[in-house]
Amino acid sequence: MKMNMIKKLISQTLDIGDFIDNANTTGYIDFTTGTALPVGAMVLGWKVNVTTAFAANTVYTPVDGSTIAFVQDGGADTITDSADGFVTAGFEAGDVITVAGATSAHGAGIAIVSVAAGTLTLGDAVLAAAEAGIAGVSFTVTSTASVQIGISGDVNKYSADTTETVAAIGTVGSLALALDTVTGISAEKLPRVTVTEGGNFGALDVGSMNATIYYIDTRDD
Amino acid sequence: MKMRMIKSLVSQELDHAAFTYETGTALGNIDFTTGLVLPIGAMVLGWKAVVSEIFTGDTTAVVQVGTAGDVNKYSANVAQSCLTTGTVGSLALAEDSVTGFASAILPRVTVTGGNDWGSITSGKMVVTLYYIDTKDD
């Protein structure tokens, strides 16, 4: 009988500015070259320490709140801007927004289905009420960013849980995906950290974390 | 706070010739040698198999590790191939791995061929189980 230590592999600081945007809901970053999991690493799980919450700090106040209207029409609700400022302001389909400064409590977590210069198309019956001409109304893109760890080609290889949030400062983690984690143990593996943003990954402006992967080194058995 | 090392239990060389043919099936199995048992309180995390001689003679050959009555007890992945040399493995099956750990347990390695275990004519490997020894807690 032999004894083995649980070893760990620590990433570099993973800053939002260093991620590669997949031009959809996800972006990723690989561990720095040279910090690969060695041959024989049986990964058990990981933790991520979020030092700066992954968030979209942009507050959109298009042109003038007085040109904004919240429209309920029995199907998909819309928000309109008679000054056609939505595209210029940076709204994108898939963004999840919070409305502030309106008379009615439209609340948070409103997903934008499509964007035109003068219209944000939303889901069915998501607005609290129809209203218009509210000076000072603003919109904040809300982050729902989550993290998973795997490799290129299998982004959740080490993640039984792929919904751990990085939208707040703190520590999150997951055990490895039991079905996949040991597969390919005969070769080094460069870990890849993927962040999924509910709207668009590109909406994220800030965020920083580091990841630690825990594994049994089976090489010496 | 106590510290726990990960322990390992290494099989004898598992030679194809020593496997038991589950007659009429694609399965062959072999138990660890008497005395090579998981001790009481062993919480198995996973295993690796180092295939030194390929299990040849059939179109597929996959390995799983468990016990006599639960052949995939320690295998979340039951599709690890021993048709080539190299190292394969799996984490344990989370819902089963710890069941019955109040007793010492004799591991069983099962190889599944494509059609009939009798088609497999050679093969050797060594299996290592990794576990936490919880006896002293």
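## Where the chains meet

In this predicted model, 20 residues of chain A are in contact with 20 residues of chain B, two residues being in contact if their C-beta atoms, placed from the backbone, lie within 7 Å. On the side of chain A that touches chain B, strand E1 (2–4) and strand E6 (41–55) of chain A each supply at least two residues, and E1(A) gives the most, with three residues. That side divides into 12 nonpolar, six polar and two charged residues, where Ala, Val, Leu, Ile, Met, Phe, Trp, Tyr, Cys and Pro count as nonpolar, Asp, Glu, Lys and Arg as charged, and the others, Gly among them, as polar.

Because the model is predicted, local features need pLDDT of at least 70 and side-chain atom pairs count only at pLDDT 80 or more, whereas totals for chains, interfaces and linings use all residues. Residues are numbered from 1 along each chain as its sequence is written, while chains are lettered from A and ligands numbered from 1 in the order in which they are written.

## An open sheet

Strands (E, at least two residues) and helices (H or I, at least four) are DSSP runs, numbered from the N terminus, and two strands pair if DSSP finds at least two bridges between them. In chain A, five strands form an open sheet in the order E4-E5-E19-E16-E17, with antiparallel pairing; its edge strands, E4 (20–21) and E17 (164–165) of chain A, each pair on one side only.

Within chain A, strand E5 (residues 26–30) and strand E19 (residues 192–196) pair in the antiparallel sense over five bridges, and A:Gly27 has A:Val195 in E19(A) as its bridge partner.

## The pairings of E10

Strand E10 (residues 96–100) of chain A pairs in the antiparallel sense with strand E11 (residues 110–111) of chain A over two bridges, where A:Ile110 in E11(A) is the bridge partner of A:Ile97. E10(A) also pairs in the antiparallel sense with strand E15 (residues 138–141) of chain A, over four bridges, and there the bridge partner of A:Thr98 is A:Thr140 in E15(A).
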